[in-house]
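Q: Could we go through how the pockets of a model are read, beginning with the elements that line them?

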Amino acid sequence: MSFRIENKIKLTKSDFNLLKIKLFENGMKNLYPIRKVNSCYFDSSNLNCYYDSEEGLLPRKKIRVRWYNNTNLYNKETKVSSIEGRFKKSEYLNFKSINQLLNHKFYDNLYGCLKPKLIVTYSREYYSFKNIRLTFDYDITYEDLRSNFNQSFFDKENVLEIKADIFTSIEKLESLIKVPSSRFSKYCRGILRTERLI
């Protein structure tokens with residue numbers, strides 16, 4: 001378990017392309033090919049994970065299952081926010097299909113019984129810049145699993161995520177990427193979008 005810093009910046013795709021040119025000129029490099037990221041978020045019947053995140057309560061968790069492109073390689077990820085900082089735990093799941101995932105439940109000691117609520121899908125670009133990892137997420141789509149209709153919704157916003165170890169100062173991050181950070185939780189935005197609140 002290692003704590004980390006995550007800063008998020010909302011950017012249009014054109015703004016990101018302009019920023020990307022400047023960062024490449026200053027030494028940014030591609031890390032991996034673009035991937036399609038899929039995340040299925042689990043929550044309690046009362047959406048306690050969602051409300052804790054919206055209210056900024058500590059400790060809190062987000063629990064999701066993630067897979068990439070069109071593979072059937074599923075990993076459970078538990079993102080924990082605590083007084084000490086943020087960290088993520090991962091474990092491989094031996095699921096054979098998406099249907100097995102969607103019929104699965106988790107039990108969590110903080111939230112109790114958790115069921116699938118939302119699938120978030122997006123394209124992700126990966127970069128490294130001065131020993132800091134940058135990812136850019138766009139074409140973000142939310143699929144609501146709480147009804148029988150499984151409606152999908154598109155998010156017009158994009159997000160640049162800056163990920164660094166806990167010893168990196170906020171001042172250093174702000175000096176490297178001269179754009180103000182903002183809150184951007186895909187799970188919370190997905191719930192709000194499916195409720196037609198954004």
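Q: Which helix gives the most to the lining of the second largest pocket?

A: Rolling a probe the size of a water molecule over the atoms shows where empty space is left. In this predicted model, where local features need pLDDT of at least 70, side-chain atom pairs count only at pLDDT 80 or more, and totals for chains, interfaces and linings use all residues, helix 1 gives the most, with five residues. Residues are numbered from 1 along each chain as its sequence is written, and side-chain values use heavy atoms, leaving out hydrogens and water. Helix 1 (13-25) and helix 4 (170-176) are the elements that give two or more residues to this lining, helices being DSSP runs of H or I with at least four residues and strands runs of E with at least two, numbered from the N terminus.

Q: Which residues lie nearest the centre of the second largest pocket, and what is its volume?

A: A pocket is, on a 1 Å grid over the protein atoms alone, an open set of points where a 1.4 Å probe fits, with protein on both sides within 12 Å along at least five of seven lines, and its lining residues have an atom within 4 Å of a point. Here 13 residues line the pocket, with L19, K22, L23, L176 and K178 nearest its centre, and its volume, the space filled by probe spheres set on the points, is about 220 Å³.

Q: How much space lies in the largest pocket, and which strand gives the largest share of its lining?

A: The largest pocket holds about 480 Å³, and strand 3 supplies the largest share of its lining, five residues.
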